[in-house]
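Me: Could we go through this structure together, one question at a time?

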Amino acid sequence: MSYYVYMLKSRSIKPITYVGYTNNLKKRINLHNTGKGAKFTKGNKWIVIFKKKFLNKKKAMKYEYNLKNDIKKRLQIYNNFK
């Protein structure tokens with residue numbers, strides 16, 4: 001089974017980002033956009049600005065943790081999306 005690490009950007013006036021991992025990206029994005037995803041994402045509409053595929057959960061979780069804590073990398077991804 002493959003897993004994805006993804007980064008979302010809110011569609012609000014003051015954009016914010018969110019990083020997560022999942023084994024079903026379409027379903028997970030839908031949950032975020034319907035208010036049933038992570039507590040942090042409720043009340044916003046989201047678009048995917050980054051995704052990376054992994055072949056196992058452990059590697060995906062490790063990359064997600066690193067990306068969540070690497071502000072420079074997140075900013076680089078955000079700026080490349082603009």
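**Strand, helix and cores**

Me: In which helix does E64 lie?
Reply: Happy to start there, keeping in mind that this is a predicted model. The helix in question covers residues 57–69. E64 falls within that run, and the helix is α2.

Me: Is E64 buried or exposed?
Reply: Beyond four places in sequence, E64 has contacts with V5, V19, G20 and Y21. Its relative accessible area is 11%. Buried means under 20%, so E64 counts as buried.

Me: With which side chain does the side chain of T17 make a polar contact?
Reply: T17 belongs to strand β2, residues 17–22. Leaving aside neighbours within four places in sequence, it touches M7, L8, F40, W46, R74 and Y78. For the polar contact, at 2.8 Å, the partner is the side chain of R74.

Me: How many residues has the largest nonpolar core?
Reply: Its members include Y3, V5, M7, V19 and I49, along with F50, F54, A60, L67, I77 and Y78. At least two residues come from each of β1 (3–10), β3 (46–54), α2 and α3 (71–81). One member, I77, is in contact with M7, I49, F50 and L67, setting aside neighbours within four places in sequence. The count for this largest core is 11 residues.

Me: And how many residues are in the second, separate core?
Reply: Good one to finish on. Among its residues are Y6, L8, L25 and A38.

Notes:
Residues are numbered from 1 along each chain as its sequence is written. This is a predicted model: local features need pLDDT of at least 70, side-chain atom pairs count only at pLDDT 80 or more; totals for chains, interfaces and linings use all residues. Side-chain values use heavy atoms; hydrogens and water are left out. Helices (H or I, at least four residues) and strands (E, at least two) are DSSP runs, numbered from the N terminus. Contact means heavy atoms within 4.5 Å. A polar contact is a pair of N or O atoms within 3.5 Å; within protein, one must be able to donate a hydrogen and the other to accept it, and residues adjacent in sequence count only if both atoms are side-chain atoms. Buried means under 20% relative accessible area, exposed over 50%, partly exposed in between (1.4 Å probe, protein chains only). A nonpolar core is a set of buried Ala, Val, Leu, Ile, Met, Phe, Trp, Tyr and Cys residues joined through side-chain atoms within 4.5 Å.
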